[in-house]
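Visitor: Could you walk me through this one? I have not looked at it before.

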Amino acid sequence: MAFDYKKEYKEFYLPSKKPGIVTVPPMNFVSVQGRGDPNEPGGEYQAAMELLYGIAFTIKMSYKGSHKIDGYFEYVVPPLEGLWHQEGVDGVDYAHKECFEWTSMIRLPDFVTREVFDWAVQEATAKKKKDFSKVQFFHYDEGLCVQCMHVGSYDAEPETLEQMDAFAREQGYETDFTGHRRHHEIYLSDPRRTAQEKLKTVLRHPVRVK
């Protein structure tokens with residue numbers, strides 16, 4: 001049975017539909033940074049998906065090749081995630097998606113060191129004849145957050161986010177959008193195959209004690 005992060009770490013990937021406070025441990029990701037509307041056909045965001053999954057599956061399927069990775073175990077590739085930011089905005093403004101600055105990312109298993117990551121980039125570049133220079137090994141220590149499971153369209157997220165932020169304030173916290181601490185989404189559904197009203201997305205905002 002392949003290791004599945006969503007099943008093993010339900011606290012982080014399958015939270016309640018009611019807001020809760022969580023401390024997220026440090027994790028490593030393959031990531032791509034970009035700007036602009038993620039819905040733009042043929043845009044930066046769509047191109048980033050190919051790069052992310054190209055590296056993620058190169059590592060996942062490495063056991064079938066000659067390059068053996070220390071500590072490797074079979075696993076299900078974790079879901080796509082995204083950090084979202086707009087200059088001068090705490091959180092996100094859905095009316096101006098063209099102003100998004102984003103980091104798209106997929107969690108890496110703990111056995112993936114920077115050396116393993118560099119090998120995967122070289123391997124994917126050679127096999128797929130594609131430029132993977134935009135991918136980065138990203139260590140993210142997210143820390144204290146308020147989070148909630150959002151069910152519905154991405155454009156309907158503000159209502160859930162308001163509930164999260166109100167809950168955090170009631171519990172003695174305030175949002176803390178500083179540095180890499182940004183609006184965070186984890187996509188549990190494929191929007192190409194799931195009706196908008198059934199999309200499941202984990203939403204997170206960084207918080208600190210008031």
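This is a predicted model: local features need pLDDT of at least 70, side-chain atom pairs count only at pLDDT 80 or more; totals for chains, interfaces and linings use all residues.

Visitor: OK, let's start with α5. Why does its end-to-end distance agree with its number of residues?

Guide: Helix α5 covers residues 157–170, and because each of its 14 residues is counted at 1.5 Å, the helix should span 20 Å, which agrees with the 20 Å between its end C-alpha atoms.

Visitor: And which residues of α5 are buried?

Guide: The buried residues of α5 are Glu 157, Thr 160, Leu 161, Met 164, Asp 165 and Ala 168. They cover an arc of only 135° around the axis, so they sit on the same side of α5. On the other side of the helix, Glu 159, Glu 162 and Glu 170 are exposed.

Visitor: What happens just after α5?

Guide: Just after the helix comes Gly 172, which takes a positive phi of about 90°.

Visitor: Now α3, please. How far apart are its end C-alpha atoms?

Guide: The end C-alpha atoms of α3 are 24 Å apart, and this agrees with the 24 Å that its 17 residues should span at 1.5 Å a residue.

Visitor: Which of its residues are buried, and what do they pack against?

Guide: In α3 (44–60), the buried residues are Tyr 45, Ala 48, Met 49, Leu 51, Leu 52, Gly 54, Ile 55, Ala 56, Thr 58, Ile 59 and Lys 60. These buried residues of α3 pack against β2, β3, β4 (101–107), α4 and β8.

Visitor: Changing topic: how much space lies in the largest pocket?

Guide: The largest pocket holds about 920 Å³ of space. It is lined by 31 residues, and those closest to its centre are Tyr 45, Leu 80, Tyr 154, Tyr 187 and Pro 191. Tyr 45, as it happens, is also one of the buried residues of α3.

Visitor: Which element gives the most to that lining?

Guide: That is α3, which gives four residues to the lining of the largest pocket. At least two residues each come from α3, β3 (80–85) and β8. Sorted by class, the lining of the largest pocket has 18 nonpolar, seven charged and six polar residues.

Visitor: And the second largest pocket, what is its volume?

Guide: The second largest pocket has a volume of about 180 Å³. Its lining is made of 13 residues, with Thr 58, Met 61, Ser 62, Glu 123 and Lys 127 nearest its centre. Helices α3 and α4 (114–128) each supply at least two residues of this lining, and the largest share, five residues, comes from α4. By class, the lining of the second largest pocket divides into four nonpolar, five polar and four charged residues.

Definitions and conventions
Residues are numbered from 1 along each chain as its sequence is written. Side-chain values use heavy atoms; hydrogens and water are left out. The expected span of a helix is 1.5 Å times one less than its number of residues. Buried means under 20% relative accessible area, exposed over 50%, partly exposed in between (1.4 Å probe, protein chains only). The arc is that of the directions from the helix axis to the C-beta atoms. On a 1 Å grid over the protein atoms alone, a cavity is a set of points where a 1.4 Å probe fits but cannot get out, and a pocket is an open set with protein on both sides within 12 Å along at least five of seven lines; lining residues have an atom within 4 Å of a point. Grid points are joined across faces, edges and corners, and a volume is the space filled by probe spheres set on the points. Ala, Val, Leu, Ile, Met, Phe, Trp, Tyr, Cys and Pro count as nonpolar, Asp, Glu, Lys and Arg as charged, and the others, Gly among them, as polar. Contact means heavy atoms within 4.5 Å.
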